[in-house]
Amino acid sequence: MAGVQKVCLNALNINQKNALILGIIIAKNSPRTISSRRKNGESRAVTSFTLRDSEVDTINIDVWGLEYFVFTFYERFLVGDIVEITAPKICIKTGENENFRPQVSSPFYLSINEGASDVSIHGSDMQSSYLPLLHIPSKHSSAYYGLAEVLKLPEEANNVYVDLLVVVKSVMSAKKIKTKTGTEMSIRSIEVIDNTTPAAVTLDMFDADTIQRAEDWRPLESVLFIADARVSWRGKAVKAQICARSVITHQPHTADAEALRLYIQNQASTRGGEAAAWAAWSGEKACAASVAQVKDRLSTGAPFCAALHALLTNLDLEDINKMNENTDDLKVRFTDHTGELTARLPINVLEDAIGCSVSILITRYLYLHNICFYSFTYIIVVGSGLALPLALLKSVGDGDHSPSSGPYARLPTRAIKKNLI
């Protein structure tokens, strides 16, 4: 476009008409249809993204147009893309709008209307200058909450926004759910941990772009700085969510992030693993508890540590037949003399118990008809979505439930997700 002038974000002013702005996308929000606004009988829609052009300068951008244009725009541009924006409308921020988008440094926001402004991918010659900006947190990286503080938030403090510095513990597969209004949407959950508590917190994501980005996150290796995660109570547990205000910085280049990553990796390789970490943090060792006692403590909603010795008495063979490489866990039932406990058993623990891989389980699952019982002993941290197996005993289908001295008598500590139904 003729007459445009390149402008940095820190030099914007309300009177500029033909600005050319260059930057990297650090966050984006799902598009939504504005049914009340129609043009020629077609619905209009809006989406937004956040742009950065330096270590300190960021701005939010709204994109308006017909539904097809906006949804196509959302799919075309991704976090990490370097883009140039031509002739956007420069607007002054208002307090009401800013409650639902990321905090940024600019006093303005940009408005892009279909047919009036243009956005395009910039050439690769600027990648070395802009890609490092993806690893700088969008907010001051020292003012974050520890997960121990998050778990102590009172139930009445619902929908609190906090900054988090965490390590990814596990990444679940994306799945489809239906809202109360019947709308189908995607969700992906991950478990995150830090150095303030051995307990994990579940983080839910609903935006398609964030769900896809999570494919690249590696357990115990990926560090995330999350600006404005929304914390709320779900039942008896605290959960965090990525929302329209959130900005995720993957592998932030900060001293705290590197220290946290090294701490978590050191804990993972320490003898006793997470069970020892819980004991060191809380000052208490795992006490033996029956199924009934675990249920009673679960009802309080508070994290606790306990050793559960129980039989694995139910494993759905049809679930095993439906397994694929993306399956994370299976529904199982544990039983002792006081009752039954339903949980989700991670695939890696099941593989250790059965002695074969997921692929073999899929092709030879009928072999499991011959298994009567497995006996487990767990160190359990419940109330936080975490359970830690301490030891696994061999198959005891003959009724002899005593510990074995065989190869499965003592296995390395592994984490399992405790999700009572």
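Reader: Why is Ser120 called buried?

Author: In this predicted model, Ser120 has a relative accessibility of 18%, and since the word buried is kept for values under 20%, Ser120 counts as buried.

Reader: Where does Ser120 lie, and which residues does Ser120 touch?

Author: Ser120 belongs to strand β8, which covers residues 118-121. Once residues up to four places away in sequence are left out, Ser120 touches Arg76, Phe77, Ile82, Val83 and Glu84, where touching means that heavy atoms come within 4.5 Å.

Reader: What makes Thr58 a buried residue?

Author: The relative accessible area of Thr58 is 4%, and because the cut-off for buried is under 20%, Thr58 is placed in the buried class. Thr58 is part of strand β4, which is made of residues 58-66.

Reader: How do you know that Thr58 has contacts with residues beyond its neighbours in sequence?

Author: With the neighbours within four places set aside, Thr58 is still in contact with Leu9, Ile26, Leu51, Arg52, Val104, Ser105 and Ser106. For one of these, Ile26, the separation from Thr58 is 32 residues in sequence, while the C-alpha to C-alpha distance between Thr58 and Ile26 is 9.0 Å.

Reader: What do burial and contacts come to over the whole protein?

Author: Of the 421 residues in the protein, 50% are buried. When contacts between residues at least 6 apart in sequence are considered, 64% of them join residues at least 24 apart. The secondary structure consists of eleven helices and 22 strands, and the accessible surface is about 20700 Å², with 50% of that surface belonging to carbon and sulfur atoms.

Reader: How many cavities are found, and what is the volume of the second largest cavity?

Author: The search of the whole structure gives three cavities of 30 Å³ or more, and the second largest cavity has a volume of about 50 Å³. The elements that each give two or more residues to its lining are β2 (19-39), β3 (42-52) and α1 (67-76), and β3 gives the most, with three residues.

Reader: Which residues line the second largest cavity, and how do they divide into nonpolar, polar and charged?

Author: The lining is formed by Ile25, Lys28, Thr47, Ser48, Phe49, Phe73, Tyr74 and Phe77, and these residues divide into five nonpolar, two polar and one charged. Lys counts as charged, so Lys28 is the charged residue of this lining.

Note on methods. Residues are numbered from 1 along each chain as its sequence is written. This is a predicted model: local features need pLDDT of at least 70, side-chain atom pairs count only at pLDDT 80 or more; totals for chains, interfaces and linings use all residues. Side-chain values use heavy atoms; hydrogens and water are left out. Helices (H or I, at least four residues) and strands (E, at least two) are DSSP runs, numbered from the N terminus. Buried means under 20% relative accessible area, exposed over 50%, partly exposed in between (1.4 Å probe, protein chains only). Accessible areas come from the Shrake-Rupley method with a 1.4 Å probe; for residues, only the protein chains shown count as cover. On a 1 Å grid over the protein atoms alone, a cavity is a set of points where a 1.4 Å probe fits but cannot get out, and a pocket is an open set with protein on both sides within 12 Å along at least five of seven lines; lining residues have an atom within 4 Å of a point. Grid points are joined across faces, edges and corners, and a volume is the space filled by probe spheres set on the points.
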